[in-house]
Every structure is written in C-alpha cells, then in structure tokens.
Amino acid sequence: MKDFINQIAPQLVKWRRDFHQYPELGFMEYVTTYKLGKELERLGFQIYIGEDAMEREARLGLPSETDLKEKENEAIKYGVEKEWLDSMHGGMTGVVATWDTGKPGDHTALRFDIDALPIQETNQEYHIPNQEAFTSTEMQVMHACGHDGHMTIGLGVASYISAHHEQLNGRFTLLFQPAEEGGRGARAMTAKGWLDDVDYFYSGHIGINDMPVGTISATVKGFLSSTKFNATFKGVSSHAGMKPEAGKNALLAAAAAATNLYTIPRHSDGVTRVNVGKLLAGSGRNIIPEDAHLEVETRGETKEIGAYMHEEAIRITKAAAMMHQVECKIENVGVTESIFCDESLIPRVQEACRESVFVKEVLPVARVSGSEDASFMINRVQEKGGKATYMLFGTKLNYPHHHPAFDFQEEVLPVAVEALTKVIGRGHGNVY
Ligand SMILES: [Zn+2]
Ligand SMILES: [Zn+2]
C-alpha cells in the first residue's frame, strides 16, 4: 500500500498540474472528460459518457448555445475525437467508470467533481502555479476550488482499483461529475440511476476548513440546502420626460424584489440565508427601464427550511413584479440539498486509516457551511438504504476557495488517495 502511494505520487502531481493548466467551466468540460475517460479506459474500467452517464433534462443552469458551440470547436482543436464530441454534444460532459471484480461484495461509489470557475488566475509571483509554470492557459477560467485535485485523486483511486482488483471484492462506480459549482450537475447523474443500488458512497473536498496536510475528517456537518434562480422582469419603455406614465418600470420591480427578499423572516427551526448577487437593469438615463435581471440564491439547514426560503423568495419576486405591473419570468438554475453523513461510517474510516503512512489524524466530524450538490447522490444512496459520507482532506490554504490566488498543497493528494483506497479496501473487509 505504502509502495503503491509512493509510486503514484509523482503521477498525481503531473495529472493535477495538467488539469490546472486547462480548466473548463461546468457542462463545458469536453477536454477534461476526454482526458479522464481515456485514462480510465487505459486502466481497464468500463466507461460511460454523454447520455449513458447523465440525464439530459435533469441538468440545470446550462451555458448558452453559443458558448457550448465555441467550446466544442476548441475541443476539436485540442484533439478530442469526433465520436467523443458527438456523445458529449450540447454540454453532456462528465464520465462514469465502473469496475466489477466479479466477486460478491459491496457496491461502492465515489464522486469527484471536475469543473472550474470563471475567475482570472492571479499573475503574482508568490502563486506557486506561476513559479512552477502550470498557470491556467484559459482567460477568465481557473481551478480555484481544487477540483483539479479531486479528479487527480479520482484517477489515483482508479489506478489502485485497477492494480489491486484481484484482492478486492464487489463493484466500484466512480462518478466524475460536471458542473458542481452552482449545484447543477450531480442531479443529472443521480437521475440516471447510478446511485440506486449503492451500499457505500464516499465523496469529499480538499481544503474547506483549516486543517494541516495529513488530517482528514470522516464526515461533515452543516452543508445547507440551496436554490439558485434568475428572475427576468419585462416592462414597457417610454420617454422619461414626455410620457413617463406610459412606462412600466422593470428596474423598480427588480429593486423592490431585491430589497424585500431580505425581509423574509428567519426560521425558528434552523439556519437560513438569502442573497441577491446581481442586478442588471435599464438602458439609459431618460428611458423608463424595460428590462431587469436578478440573480438570487437561498439556503436552509434542512430540506423543509430550504423549501420555505425558496417559496418565500419566489412569492416576493412575483409580488414585486405585480406591484410595478411588469412581467416576471423565473428560471431555476441550480439546487443542492442538505447533507447528513452516516455517523456509522466514522469508525469505519478511522479503523481503515489506522497505521496509515500519509493519513496522520482522522477527525470524526468537521463543521462546514456553504452547499454541495453531492447532496443529491448522498440522499439518493441513503433513501435506498445505503450509507454515505462526505469527507474533508486537510491542506493549508493561503487564500480561500474561489479566490484568484487559491492554491492547495499537493501533499494532500497522496493523503486523500491513501485514505479513500484504505476505506474502500480494508474498510470493506478486503485485504491488500
Ligand atoms: Zn467551489
Ligand atoms: Zn469545490
């Protein structure tokens, strides 16, 4: 085991740096999916892409047709095979890889997210990707959350399964999921049924909390359910001096919605959040604004509180439109559910990681906030009677997630690979 991790460690760094240099936004991970798929095929996995991996209609918050087309053309230049592009056409990115040992045992699934963020990576010299020459080559796109690391860990785990399949039992499903940011992709893979007969499910994140490399957490507490929606207001424009009474002001409707969304009462059962992150409206000083666009998200500690926040937010947004006699179209662009990890997996992770070389400490639980769309997978597994958890893998973070100078210590990669392989191996009664 120790030898395996030591052997693969340099390859982990190579994979990570390659993914970091070529980041792709959600549902546009054409090149990333191709690279992952090719590698997984080489390792001997059965792979599924496009319609075979994901339910088309269950995706949320798709990029525009133009953006998708442009990205698909770029992928051709990169060398992605036509057959692959045909399968992924229109934002059907991501890959699912399965391995059946042919022996009775658990069905274990692991999820790794693969998308990047619309952030321009810093050009400051203190930033290690600049020093070591693996900065993002894409303008305004960056792996600023660590998903380049997650995919790498996924390939590390896949390499382990491939090399040790004779000593392993049961079945393995590895989900390389697109569009985690904004809560858009997991639902579509879940809808395909991948999680319906899973006994054990593991996912996780590097960083998030301030923990040193070598420290991991077996579970988390505190991920909130969330909904993300856009509201488009359509009014009537008119001359602001000559005929103001003929106009219907979309800007005022959006502004009324924005301020009143913050008046939703807190909920006595638990944590809530609401945020209006973007308001665009109007076209010029002397024109009654005809158009307005609002981007909103709500969060809640449980499904019920989340639903309460969402319903109230929709009601207020529509009421603001009605107040100003403008039309309002609401589009749901992202959603996550709350996560409750199975505490029975804590001793399993702790046991499995005993006598580890890279894993130094296993915390039973880490307190987190924010949201995660792995929630769909976790909840599905649990609904069907399986057990699921979301783990954290410690690394020092000089800058927070989603920051232009975000970076993590690459030493976390072997730690995570060791932890997950021990959990899916020894944790499930296998030998090495
Ligand atoms: Zn993120
Ligand atoms: Zn993330």
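## Strand β10 and its partners

In this predicted model, Ser 226 has Arg 299 of strand β10 as its bridge partner. The pairing of strand β8 (residues 225–234) with β10 is antiparallel and extends over 10 bridges.

Strand β9 (residues 272–281) also runs antiparallel to β10, and nine bridges connect the two. Within β10, Leu 294 is the bridge partner of Leu 279. Strand β10 itself spans residues 291–300, and seven of its 10 residues are buried, so the strand is largely enclosed by the rest of the structure.

## The eight-stranded sheet

An open sheet is built from eight strands in the order β1-β2-β4-β3-β5-β14-β6-β12, and its pairing is mixed. At the edges are β1 (46–49) and β12 (361–363), each of which pairs on one side only. From one strand to the next, the twist averages 20°.

One of the pairings in the chain is that of strand β3 (residues 107–113) with strand β4 (residues 171–177), which run parallel and are joined by seven bridges. Here Thr 108 has Phe 172 of β4 as its bridge partner. Strands of a sheet pair through backbone hydrogen bonds, in either the parallel or the antiparallel sense.

## Nonpolar cores

The largest nonpolar core contains 99 residues, and Val 95, Phe 201, Ala 416 and Leu 420 have the most contacts inside it. Helix α12 (residues 412–424) supplies nine residues, the largest share of this core. Leaving aside residues up to four places away in sequence, Leu 420 touches Leu 110, Ile 153, Val 157 and Tyr 202.

Another core lies apart from the largest one and has 22 residues, including Ala 253, Ala 255, Ile 305 and Ile 316. In soluble globular proteins, nonpolar side chains tend to be buried together.

## Domains and their contact

The domain assignment divides the chain into domain 1, made of 2–223 and 339–428, and domain 2, covering 225–335. Taken over C-alpha atoms, the centres of domain 1 and domain 2 are 34 Å apart.

Seven residues from domain 1 and seven residues from domain 2 take part in the contact between them. On the side of domain 1 that touches domain 2, four residues are polar, two are charged and one is nonpolar.

Technical notes: Residues numbered from 1 in each chain as written. Chains lettered and ligands numbered in written order. Predicted model: local features only at pLDDT ≥ 70, side-chain atom pairs only at ≥ 80, totals over all residues. Domains from an automatic or database assignment. Contact = placed C-beta atoms within 7 Å. Nonpolar A, V, L, I, M, F, W, Y, C, P; charged D, E, K, R; others polar. Buried ≥ 20, exposed ≤ 12 C-beta atoms within 10 Å, placed from the backbone. Helix = DSSP H or I, 4+ residues; strand = E, 2+ residues; numbered from the N terminus. Pairing = 2+ DSSP bridges. Axes fitted to C-alpha atoms, helices over the stretch in contact; angles between N-to-C directions. Core = buried A, V, L, I, M, F, W, Y, C linked by C-beta atoms within 7 Å.
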